[in-house]
Amino acid sequence: MKGKIDLEKFLQSRKEVLATWPTGAEVSLEDGVNYHKALPPEKNFAVKLKKVKEEGITAIQPRAGVALLNEHIALLKYLEKEGEADFLPTTIDSYTRQNRYQEAQRGIEESLAEGRSMLNGFPAVNYGVYPCRKIIEEVNVPVQVRHGTPDARLLAEITLAGGFSSFEGGGITYNIPYAKEVPLRKSIEDWQYVDRLIGYYAEHGVLINRESFGPLTGTLVPPSITIAINILELLLAVEQGVKSFTLGLGQCGNLNQDVAALHGMVELAEEYLKRFGFQDVDLTTVFHQWMGGFPQDEARAFAVIAWGAVAAALAKANKVIVKTPHEALGVPTKEANAQGLKTTRQIVNMLKDQRFMVNEEYLLEKEMVKKEARAIVERTLELGEGDLVAGIERAFAAGVIDVPFAPSRFNLGKILPARDDTGAVRILEFGNLPFDSEIREFHRERLKRRGEKEGREPSFQMVIDDIYAIGKGMLVGKPRTK
C-alpha cells in the first residue's frame with residue numbers, strides 16, 4: 001500500500017483533467033464542498049445509507065437515465081413518487097463513458113430535434129455543474145452516478161461538484177467487464193484520482209459514498225472472484241481517503257450461496273480493513289437482482305425480479321438494485337421501472353422482520369467463498385510486494401484474478417463457470433486461480449454430482465445451457481431432449 005496521492009500532485013493533475021471539456025471550467029472544489037454542506041442530510045447518500053444499515057432495512061434503487069435534462073428530472077421524480085425509490089440513479093450514456101463528449105453533444109442535439117432520448121443515459125459532462133445541481137434540487141432523496149467508465153475523472157469532478165453524493169465503479173470493475181483495450185494500470189490510476197477527489201471532500205467535511213460494481217460481466221461469475229475484486233477496490237479507495245464504501249454482489253440464483261456470499265464478503269472486507277489500519281470506514285452492501293438474460297414474458301420476468309428481492313431481503317443487504325419486467329425487450333418505460341420497484345418494495349417489506357434460516361449448506365458456502373476470495377487477495381498482495389496497483393496488474397496477467405466472459409484483453413479468460421445441481425455457481429475450468437486441492441475438489445465434486453443426475457459429463461455445453469436457462473424458465477440449464 002503506497003498511501004494517499006500527494007495533494008500538490010493531485011491539484012496539478014486536476015488542471016489537465018478539467019481542461020478536457022469546457023464544462024470543467026465550472027468546477028470549484030471550495031464551491032462544491034460548500035454546496036454539499038448546504039444540502040439537507042437526507043439528500044446525502046452516505047448519511048442515508050448509514051441510517052439504512054442501522055435500521056436493518058433493505059433500501060431500493062432503480063437504474064435510469066435519458067439524454068434531456070428536464071425529461072431526466074421528470075423520470076427521476078416519477079421513480080421517486082410512483083416507484084417509491086429510496087435512492088435514485090443517474091445512468092450515464094455510452095459516449096460519455098468513453099470520454100467521447102463531442103458525440104454526446106450531438107446526441108443531445110438529436111434528442112432535442114427528435115423530442116425523445118437518442119442516448120442511452122444522461123450526458124452529465126456536457127451539461128456541466130449547474131444542470132446537475134438542478135437534478136439534485138428537484139428530488140428529495142440522494143442521487144448516485146452509475147456508468148461504466150474506465151476514465152471517470154472529469155465525470156466525477158462535474159457530478160460531485162454538482163451535488164451527487166455517490167459514485168459507482170472502480171479501476172477494475174469499470175474496465176475489465178466494459179473495455180477491451182484499456183490497460184489496468186491506466187484505469188486504476190485514473191480511479192485513484194477519483195478516490196483522491198472523494199478523499200478531498202471527506203477531508204473538508206463532506207461524505208461521498210463509493211460503490212464497487214459487483215456483477216462484473218453478469219454471467220455466472222463465481223462469488224469469490226467478485227468478493228476478491230470488491231476488496232481490492234475497497235483497499236484502493238480507502239487508501240485515498242474514501243470513508244463510505246459499498247460492496248456489491250450480483251445475484252447468482254441459489255439462495256444459500258447468495259446469502260453466504262454477501263455475509264462472507266462483509267466479514268472478509270472488515271478483516272482486511274482492520275489488517276491495514278482503516279478503522280473509520282462506513283461499510284455497506286448492495287445486491288444486484290439478476291443481471292443475465294431475462295424471460296420476455298412479463299409475468300415470468302416479475303418472478304425473476306421477486307427472487308432477487310427475496311435474496312436481498314433475507315441476506316439483509318443494505319440496498320438492492322432493481323430490474324424491470326422489460327429487461328429482455330430493451331430500454332424500459334418509466335412505468336415498467338416503477339413496477340419493478342414496487343414488486344421489490346412489497347417483498348422487502350414482507351421479509352424485513354424475517355431472518356434467513358442458517359443451515360449446514362449456508363455455513364459451508366460461506367467458509368468456502370471466504371477461503372477462495374482470501375486466496376486470490378493474498379496472492380495479489382504477494383505479487384504486488386507492497387504496491388497494490390502492481391499486484392492487481394500482475395494478478396490479472398497471471399490469471400490469479402480471472403473474470404469469466406470479460407472483453408478485456410488484460411483478462412486471461414481461462415476459467416469456465418457452471419452451475420451444480422442446486423443452481424449454485426461452481427468452477428468447471430480453474431485456469432490459473434490460486435486455489436488449493438480442497439477448493440478444487442469441492443467444485444469438481446459438486447459438478448460431478450450434477451453430471452450424474454443429468455447423465456452427462458460436466459462440459460462446456462453445461463455452461464451454454466446455464467447462460468440461457470433463466471430466460472427459458474429455469475435456473476439450471478438442463479440438457480436438450482429430442
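Axes are lines fitted to C-alpha atoms, for helices over the stretch in contact, and angles run from 0 to 180 degrees between N-to-C directions. Helices (H or I, at least four residues) and strands (E, at least two) are DSSP runs, numbered from the N terminus. This is a predicted model, in which local features need pLDDT of at least 70 and side-chain atom pairs count only at pLDDT 80 or more, while totals for chains, interfaces and linings use all residues. Residues are numbered from 1 along each chain as its sequence is written, and side-chain values use heavy atoms, with hydrogens and water left out.

**View 1. Helices α15 and α17 pack at an angle of about 130 degrees.** Here α15 (residues 360–384) meets α17 (residues 437–454), and their axes lie 10 Å apart. The two are therefore oblique to each other; angles under 35 degrees count as roughly parallel, over 145 as roughly antiparallel, 65 to 115 as roughly perpendicular and the rest as oblique. Look for Glu-361, Leu-364, Met-368, Lys-371 and Glu-372 on α15, and for Glu-438, Ile-439, Phe-442, His-443 and Arg-446 on α17, which make the contact (heavy atoms within 4.5 Å). By type, these residues are four nonpolar, one polar and five charged. Ala, Val, Leu, Ile, Met, Phe, Trp, Tyr, Cys and Pro count as nonpolar, Asp, Glu, Lys and Arg as charged, and the others, Gly among them, as polar.

**View 2. Helices α12 and α13 cross at roughly 45 degrees.** The axes of α12 (residues 255–275) and α13 (residues 298–315) come within 9 Å, and this pair is therefore oblique too. On the α12 side you can find Leu-255, Asp-258, Val-259, Leu-262 and His-263, facing Trp-307, Ala-311, Leu-314 and Ala-315 of α13. Seven of the contact residues are nonpolar, one is polar and one is charged.

**View 3. Eight parallel strands make an open sheet.** Follow the order β1-β8-β7-β6-β5-β4-β3-β2; two strands pair if DSSP finds at least two bridges between them. At the edges, β1 (59–61) and β2 (88–91) each pair on one side only. Neighbouring strands are turned by 25 degrees against each other on average, direction ignored. Helix α14 (residues 334–351) packs on the sheet, touching β1 and β8 (319–321).

**View 4. Asp-151 and Lys-186 form a salt bridge.** Their side chains meet at 3.8 Å, N to O; a salt bridge is a side-chain nitrogen of Lys or Arg within 4 Å of a carboxyl oxygen of Asp or Glu. Asp-151 sits in the loop between β3 (143–146) and α9 (153–161), and Lys-186 in helix α10 (residues 184–203), 35 residues apart.
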